[in-house]
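Please give me a short briefing on this protein model.

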Amino acid sequence: MNKHNELIELASEQGQPKQVIVAILTILEAHPNLIDFPRVIGMLQRLLRIANIGNKITFRNCDPLAWREACEWIISLRNQPSISSRLGELFWLGDQPPSKNPVLSKGVKRYGFPYATLWQAPRDTENRQDYERLIAQLLAVFQKLESPIQWQAQRYAVFLDLRRLCEISQLTIPPELNVWASPEVFVANCQSFSPSDSKTENAELFASITRLVRYSYGEEPRVRSNSGGSRWRITKPKQPELTHFIAEDPRGFLLGDPDDPDQLPGNYNILMETSDSADGELAPSEIGSSNEIWILDDDGVERPYVADLLSQQAIEAHIVRSRQFLPFTYIQFTLAELRDLLFGASDLFYVCLQELPHAQDTFRVQLRMEAILMLHVSLWLGQATTQVIQLSVADSTEEDVGGLTLVRGEPAQFSMIVRRPDLAGDDRWQATAGIRSSLLRILLPDLAGSSCLINALFRTFPRSTNQVFTYPTGELEAEAKSVLAVLGRGDRRFTLTKVRNYLFHQLVSDTHDVAAASMLSGVAVPSAQTPRYYLQLDANYLRQIYVDSLERVLQQVYACAGLAYEPIDFKQVQHGGLGATHCLLPATINANVSAMAAVLRKKPVGRLSEMLAWHNCYTLWTVQMFMLVTGCRAIHNPLLFIDEFDADLGMGALSDKDSDDRHMSRLICMPPILKRQIKNYFLHCTEISKQLTGYLHQDDENNRWSRGFFLRTSATGLRRDELTPNKIYGQTEQVAGYTPHRINAYRKFLRTELAERGCPPEVLAAFMGHWLRGEEPQDAYSSFCPATYATIANGWITPLLKELGWSALSSPWGAK
């Protein structure tokens, strides 16, 4: 039964103006049962108050004074005896509001906005007035709709997005909308608003809101239809429930050596539960599930003894342990085997040259020579067959070439592409200056003499192009297997897989850096995928890794043959980094530190604006120092308390890239300089809050502001903002001379800079939180020592911190 008439009749009985009650019911599109109506009117009462601040918002047929008195009367009805018998049991649901919106399942699609919307209140009390101002603007716009029923679906969408907005702990309205402006300016802002162009978190929630505003002012909805007049709706694809790591082989990652009958068969793929980053700044799969699903592909090979000897659990354990990359494994070649491959391949190549004048089938000889060359290049450059067969020859590095290239000269060198990982997150947050220049190619010296074979091949078989190989991949691989059988004297350990992966495993053995080995060899392994998103190594540093490792091996291989290896004098210098992009330069960070220090040296003289600017810069200083020292990613409220660190070890646990089960929590260190800074900062926050008593809302029972805050002024007074990524980024734009950058840019800087300075890769992996199952530092069978880790990490981070200009600063308020 419709309770509107009952309420209007009751208003007449108690001397209230009927026309005002009717106007209120009309503007709210009130539910016929008046569900929890006094609580809805309480919000309307606040909207009337907020609409009168600054640029006034007016509602149709609204006398603010009369409406406020009517609201007071309606709210007072909750205390009148027997009101439920007159207006129904749903009219007032008690002093304690229900846990969920009572209009849900009671016609919410029809009464979602404005009625059900006015029932709910934002969780963020600090920014509640901004929210109320937004609702007031929308309510004024809503009155422009000539037929509200026509826009029922759009109004319901607005209700859902506003409901989500109310549940957010830090409610932020895009500044582009400017809700405190006049209604005309607000409407114009809504008409030009684009969620994809906004840097505000949760900007997508305002798409439906601004759309309703545009429709209210005459814009027609876009009509979408499929060809042929189909009436089916085009739906957005659902988020996949599982994600997977990307392998270079479409069959998946190698499980041992599929070509070696003495090893486990086939390939495997890894499926993991999706776990998205709230801020969109993480590399894919960095926040990983604690559970992995492995799909084994044995390529249809029947090997009954494997099923007898290894259960599924044992195969999974083998996959996990294979990630530990022991220095010496069965899948690597011995020095004697490398000797046979190096010198045996050269001998076999020149035997082919001698046989060629007498050969009846010269094409067969050429195929064998190309197969030998393919093995030679693949072994010492670590490239896949599909990359090797694209090998071409150029006379200089300036030539426009594609793929793997041999650059002639003294010495000869290979120009090789190092794949760049795709950028994660919003490109607009990336630094546009003060970053390392990015290279796509690395120049590697020909240490094993592959160029001699290439030159001989060109002299013997002249061609019109600069391509080295003329036969297709399948024929070359088949012939290469025959060559391996000859070089290995029938030993089945000699496989194409071992040839292709030799350099990768050799580099891992020498450096323990899986990511750098993957960059040089192109071998994609799960353990290297996430670290490579944070690694932009200097080309000369990366080349030196290759040269040091290969020269040492070749000296030993030559010694096995009773020969002495003569190192090549290679002086090529490249300027730039390989791999990831947008890695900050130390000079950039140093300049940013100096820019913040310049602001903090100017003590505020008493003006509120100067006090706020100094506090915000001091907060930025502390947050940036913490994120640099800990490698913290872009999260909300990153700062930790002093008592959250172990007093003796100076270590704490940080779960900034984790799922709910905390399986990716990592240990972080607190150097003395950071400890002093955090202590000074929290003391400052306490004192400045006292100074601003009466201007700031009281902290809630959960101590929401205890981990720091920014300050700002609004149309209704002083506000605090949580330390969120977009707020931090916004503050960097306020500091003169500061080069803004992605909030988690320090992670890329630290991973790159510390690696080049010689920090042990195991420490870096533990510090960054880069591990998969079987690599966890805190695993039950791990030899990881937290005390040793803390000592080593501090030994690298503290000097870097001081070198970049950081120091512990006190506050003029905290010092009192």
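This briefing goes from the whole chain to a few local spots.

The model is a predicted one. The protein has 816 residues, and 52% of them count as buried. It holds 28 helices and 14 strands.

**Overall build**

- Take the contacts between residues at least 6 apart in sequence: 75% of them join residues at least 24 apart.

**Cysteines**

- How many disulfides does a search of the whole structure find? The count is zero.
- C583 has a relative accessible area of 1%, so it is buried, the cut-off being under 20%.
- C785 has a relative accessibility of 36% and therefore counts as partly exposed, since that value lies between the 20% and 50% limits.

**Cavities**

- Rolling a probe the size of a water molecule over the atoms shows where empty space is left.
- In this model, a search of the whole structure finds four cavities of 30 Å³ or more.
- The second largest cavity has a volume of about 80 Å³.
- The lining residues of the second largest cavity include L341, I372, H376, W380, L484 and V499.
- By type, this lining divides into eleven nonpolar residues, one polar residue and no charged ones.

**A buried asparagine**

- N592 sits in helix 22, which runs over residues 586-601.
- Is N592 buried or exposed? N592 has a relative accessible area of 2%, so it is buried.
- Leaving aside neighbours within four places in sequence, N592 is in contact with G737, Y738, T739 and H741.

**Helix 1 and its cover**

- Helix 1 spans residues 4-13, and its buried residues are H4, E6, L7, I8, L10 and A11.
- Which helices are among those that cover the buried residues of helix 1? The cover includes helix 2 (18-28), helix 3 (37-50), helix 4 (64-76) and helix 5 (83-87).
- Just after helix 1 comes G15, with a positive phi of about 80 degrees.

- Most residues other than glycine have a negative phi, and most peptide bonds are trans.
- The peptide bond from F113 to P114 is cis, with omega near 10 degrees. P114 lies in helix 6, residues 108-119.
- A cis peptide bond also runs from E410 to P411, with omega near -5 degrees. P411 lies in the loop between strand 6 (405-407) and strand 7 (413-417).
- S105 is not a glycine, yet its phi is positive, near 70 degrees. S105 is in the loop between helix 5 and helix 6.
- Why does S105 count as exposed? Its relative accessibility is 73%, and exposed means over 50%.
- N178 is not a glycine either, but its phi is positive, at about 50 degrees. The loop between helix 8 (152-167) and helix 9 (183-192) is where N178 is found.
- N178 has a relative accessible area of 36%, so it is partly exposed.

Definitions and conventions:
Residues are numbered from 1 along each chain as its sequence is written. This is a predicted model: local features need pLDDT of at least 70, side-chain atom pairs count only at pLDDT 80 or more; totals for chains, interfaces and linings use all residues. Side-chain values use heavy atoms; hydrogens and water are left out. A disulfide is a pair of cysteine sulfur atoms within 2.5 Å. Buried means under 20% relative accessible area, exposed over 50%, partly exposed in between (1.4 Å probe, protein chains only). Helices (H or I, at least four residues) and strands (E, at least two) are DSSP runs, numbered from the N terminus. Contact means heavy atoms within 4.5 Å. On a 1 Å grid over the protein atoms alone, a cavity is a set of points where a 1.4 Å probe fits but cannot get out, and a pocket is an open set with protein on both sides within 12 Å along at least five of seven lines; lining residues have an atom within 4 Å of a point. Grid points are joined across faces, edges and corners, and a volume is the space filled by probe spheres set on the points. Ala, Val, Leu, Ile, Met, Phe, Trp, Tyr, Cys and Pro count as nonpolar, Asp, Glu, Lys and Arg as charged, and the others, Gly among them, as polar.
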